[in-house]
Structures are given as structure tokens and as C-alpha cells.
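Please look at the sequence and the 3D structure below, and keep both in view while reading the report that follows.

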Amino acid sequence: PAEEVEDASEPTKRDRSHLESTLKLNEDKPADDFSGVLQRLRKIYHSSIKPLEQSYRYNELRQHEITDGEITSKPMVLFLGPWSVGKSSMINYLLGLDDTPYQLYTGAEPTTSEFTVIMHGPKLKTIEGIVMAADSARSFSPLEKFGQNFLEKLIGIEVPHKLLERVTFVDTPGIIENRKQQERGYPFNDVCQWFIDRADLIFVVFDPTKLDVGLELEMLFRQLKGRESQIRIILNKADSLATQELMRVYGALFWSLAPLINVTEPPRVYVSSFWPQEYHPDTHKDLFLKEEISLLEDLNQVIENRMENKIAFIRQHAIRVRIHALLVDRYLQTYKDKMTFFSDGELVFRDIVEDPDKFFIFKSILAKTNVSKFDLPNREAYKDFFGINPITSFKLLSQQCSYMGGCYLEKIEKAITRELPDLLGSIGLGKKPNVLSCDVTGCGETPKNRYRKP
């Protein structure tokens, strides 16, 4: 009888076999070796994209330099959401860290005050943020720009887990609605943006009892604009409610998020309880388990398509760099045309920057090149950009050519239209042919109309 009493106090754990089979953790097959493809990708980036990026100081417009560490890094899964919704518990559950010395702290009060990066390593160990940022082989060195205060809030945990050989998890501090930004002591939104820009999958986690959407969450969704295809919404702790109550909460969640995510197709919402304990009796266990398995399949898909996503990401970056270079070239050309022997250069250029439409700067880019108007950067951003970088410090695109190296613009266009799509094609040969469809990788410039009959 004494033993039975002991058992009763310990909550029963769920079977984990579906985790292992869906994420293929038991398979001994070697991970795909993409080192050759990565070498080619790095070469295309350094020879065809980076020269134009540096020449027109693209990094000062978008604060997004691409390091070699980033080109070779694993897919990143980012966990965002209000405090105490179960983000850390979910990571513990996926990695089976519960009751080990390295489980992430969890509790009812806000517990995670750091950005925690959970990555693969030969043995369990913790790495200080300052060390992570100093190591250029990792993809976190650009985080130094957020200052020492932030680096003290960054922590790395290495865990020898099969899943982490293929993916990296990032746990973030919960959003606390009634707190001012400055209380955090570092630019929280800018740091979130840095991780959002690099995440392959973004889990936004909610708790049925905390659905208040306040300013900080609104700000976060504004930052997620353009990344809708990576977002998955998770309604966690679903077994803590009766069915009818759960349906009401599900409706309320959609209601409060609708104004924040204005896309035609709402993001996928997963309703389940992501932790190791047995589901509450009298709740929809089968439904919750199915939802959990589809979430795991989603995660697996990101891991399987990591190379395609990486190439598509570099190509997207190249398209933005090219548009930026064409715009700076156009501003410069307009400036040169307007300058006469007697005119004051500063006044002439201020006139152009204040009202670029008067000189058809943005329109001419659309007319001459195959650029989508949705890809054009914000006009206001160029006021700041030229405030720091005088127009006279740039050269025209037509002058950016050398006898041996060819022209910068031609090289980046060749990378966008030929080299990167060819690299994408070379991966797909050994895979199922449908993976290479442009729906998945976004390799075509124009989206297909799925509703038109063929």
C-alpha cells in the first residue's frame, strides 16, 4: 500500500513514442550531407551578392548582414508569447528534459527573463551570452550590437539530443503587457526582430486564461509582418478546459488576433497541451494527440526542407540588395542630372530626398526592372539612409564593373535568375519531386493563383 501512495502523488507521464517516430529520432540514417551545396551557396553569396551589398551599404538600411555562420546554421525555431503560457515547458517536453538538471525553469510567475538558445553539443553545458557572441563560427556574433546589458540576458544551453543535431530552439522572455520597454534595459523589440528575421518556424504560444492582447503583443505581430508563412499559433494547456469552454476560448483567440494578422489565410492554430503529463480525464485526448502529431510533422517538414529554405532566403536577400542598389543608383543619377555649375549640391539633393515621386525615382525602378511594387523599401528609410551616407559617396552602377570581375549588377542578376535556382534544382534530384515546387520554396517571383482553373 505504501508504494501505491507514492505512485499516486507522482503525475503519470504520457507515452513519448509518437514524438520519436514523427521526428525520426530513432533512425540511425546519417543526416543528409549538404556540405557541397553549402560551399556553393557561400561562394555565390561572397562573389555575386556581397560586393553590391557592401558597395551600396545595404546593411545600414536593413541591419541584416549575413555571416558565414548564418549560411551554415541549422534551422531555428523561435518560441514567442505572453509569460507563463508554457513555452519553456514545451521545449522541455520536446527534448525530454523534464526532471534532468538542464530542464528550463518553469512556473506560474514570469520565469524566463533571458533569451535562451538550446543547441546541440557533445555534453550538457551552459554558455554565457558574451562567449556566444564572441564565437564567429556560431551565427550569434551580430547580437553584440545590442550591448552588454543584452548579452547578460542571452544564454546558450548545449544538449546532446538527436533532434538538436538538426534544429536549434530559442526560448524568449514572456511578453508582459504592463511593462515599459526601458525596464528591460535593452531594446527588446529589436532583439526579437533579429530572431524573427532568422527563424524558420515561429511558435506563438497562448494560454486559454491569458488572452489579453496588449501593446507589446500588438507590436510583436507588427514585427511578424511578411513572415506569416512561418507562424504557427499554439493554444496550449487545452486540457485544462471543458470542451464548450475551449471552443469559446478558441473563438476569442481568433477574434483578438484577427486585426493583427491581416492575411487572407489565417495561420495554422494547434490546440493541445504540450507537456509530459497525462491529459486531464474527460477531455478530447484523441484530438489533442492528433494536433500534437501535426505540429511535430510541421517541425519535421522545416528540418527536411532546410536547404531549400536557406537558398530561398539568400535569394530573397539578393533581390532586396539588388532593389536597393537600383534605387541608390537612380537617386545618384537624378542628382547628377539636376546639378549645374552654380547649384548648391546639398539643396538639390534635399529636394530629391524629400519628394522622390516628383522625380519618378521609385516609379522608374518599377517600369524598367522586374521588381514588384510590394518589394520596394519605405521611402522614409532613404531619408535616414542618405542622412548618414552622403549621395556623393556612391558610384553609379554602370561604373561598378571591372575587366576581370564583370559588372556587379549582372552578377547579382545571374545569381537570382540562374545560379540559386540551379542550386535548388541540384538538391531536389534525390528527393521527392514535389518538394521542389515553387509553392514551398518561393522560387518564382509571381505567386500562382490557386483558384484559377488550369
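## A loop residue with positive phi

R57 is partly exposed because its relative accessibility is 26%, where buried means under 20% relative accessible area, exposed means over 50%, and partly exposed lies in between (1.4 Å probe, protein chains only). R57 is found in the loop between helix 3 and helix 4 (58–62), helices being DSSP runs of H or I with at least four residues and strands being runs of E with at least two, numbered from the N terminus. The phi angle of R57 is near 45°, which is a positive value in a residue other than glycine.

This is a predicted model, in which local features need pLDDT of at least 70 and side-chain atom pairs count only at pLDDT 80 or more, while totals for chains, interfaces and linings use all residues. Residues are numbered from 1 along each chain as its sequence is written, and side-chain values use heavy atoms, with hydrogens and water left out.

## Salt bridges

A salt bridge is counted when a side-chain nitrogen of Lys or Arg is within 4 Å of a carboxyl oxygen of Asp or Glu, and by this rule the count comes to nine salt bridges. One of them joins D207 and K237, whose closest N and O atoms are 3.2 Å apart. This pair links distant parts of the chain, 30 residues apart, with D207 in the loop between strand 6 (201–206) and helix 10 (215–223) and K237 in the loop between strand 7 (231–235) and helix 11 (243–257). D207 is buried because its relative accessible area is 4%, whereas K237 is partly exposed at 30%. K237 also has a positive phi, near 55°, in a residue other than glycine.

In another pair, the side chains of R268 and E291 meet in a salt bridge of 3.3 Å, N to O. R268 lies in strand 8 (residues 268–271) and E291 in helix 12 (residues 285–304), so the pair ties together parts that are 23 residues apart in sequence. R268 is partly exposed at 36% relative accessibility, while E291 is buried, with a relative accessible area of 12%.

Not counting residues up to four places away in sequence, S48 touches K43, K411, I412, A415 and E419, contact meaning heavy atoms within 4.5 Å. E419 also forms a salt bridge with K414, the closest N and O atoms being 3.7 Å apart.

## The nonpolar cores

A nonpolar core is a set of buried Ala, Val, Leu, Ile, Met, Phe, Trp, Tyr and Cys residues joined through side-chain atoms within 4.5 Å. The largest one has 51 residues, and those with the most contacts inside it are I311, Y331, Y382 and F386. Helix 13 gives the most to this core, with 14 residues. Domain 1 (55–283) and domain 2 (317–429) both give residues to this core, so it lies between them; these bounds come from an automatic or database domain assignment.
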